[in-house]
Amino acid sequence: MTLKQLTTFYWVYRLGGFAAAAGHLHSTQSAVSMRIQELESSLGVELFDLTPRTARLTAKGRQLIKYVEQILATTSEIQHRIG
C-alpha cells in the first residue's frame, strides 16, 4: 500500500469514477485502474462496486476512506508546517 495508491483511491471516490480521477491526477485511466487493483490486492478486498457510470465504495471501501482522509489531512499538514 502506497500513498500514491491511497491518493488515487481518494480521488476515484471523490470524483465518482476512474476517468475523472485520471484527469485530476494528470494520469491515464489505465494507471488509475492499476493502482486501485494493486491496493485491493494488497488489502485482499474489493474497494469499489463498479457500474457503467460510477464507482461506488463497498463496505470495506467505506471503512478505508475514513482512514485515507485522515492520512491525506496529516500529509497536507506536514507539508504546510514542515515543508
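Helix α1, residues 3-15, packs against helix α3, residues 29-43, at an angle of about 110° and with the axes 9 Å apart, where helices are DSSP runs of H or I of at least four residues and strands are runs of E of at least two, numbered from the N terminus. The two helices are therefore roughly perpendicular to each other, a term that covers 65 to 115 degrees. This is a predicted model, in which local features need pLDDT of at least 70 and side-chain atom pairs count only at pLDDT 80 or more, while totals for chains, interfaces and linings use all residues. Residues are numbered from 1 along each chain as its sequence is written, and side-chain values use heavy atoms, with hydrogens and water left out.

On the α1 side, Lys4, Gln5, Leu6, Thr8, Phe9 and Val12 meet Val32, Arg35, Ile36, Glu38 and Leu39 of α3, contact meaning heavy atoms within 4.5 Å.

Turning to the rings, Phe9 and Phe48 form a tilted aromatic pair, 5.4 Å centre to centre with 55° between the planes; rings of Phe, Tyr and Trp (its six-membered ring) pair if their centres lie within 6.5 Å, and planes under 30 degrees apart count as stacked, over 60 as edge-to-face and the rest as tilted. Phe18 and Phe48 are both buried, that is, under 20% relative accessible area with a 1.4 Å probe, protein chains only.

Key: Axes fitted to C-alpha atoms, helices over the stretch in contact; angles between N-to-C directions. Parallel < 35°, antiparallel > 145°, perpendicular 65-115°, else oblique. Buried < 20%, exposed > 50% of the residue type's maximum accessible area, 1.4 Å probe, protein only.
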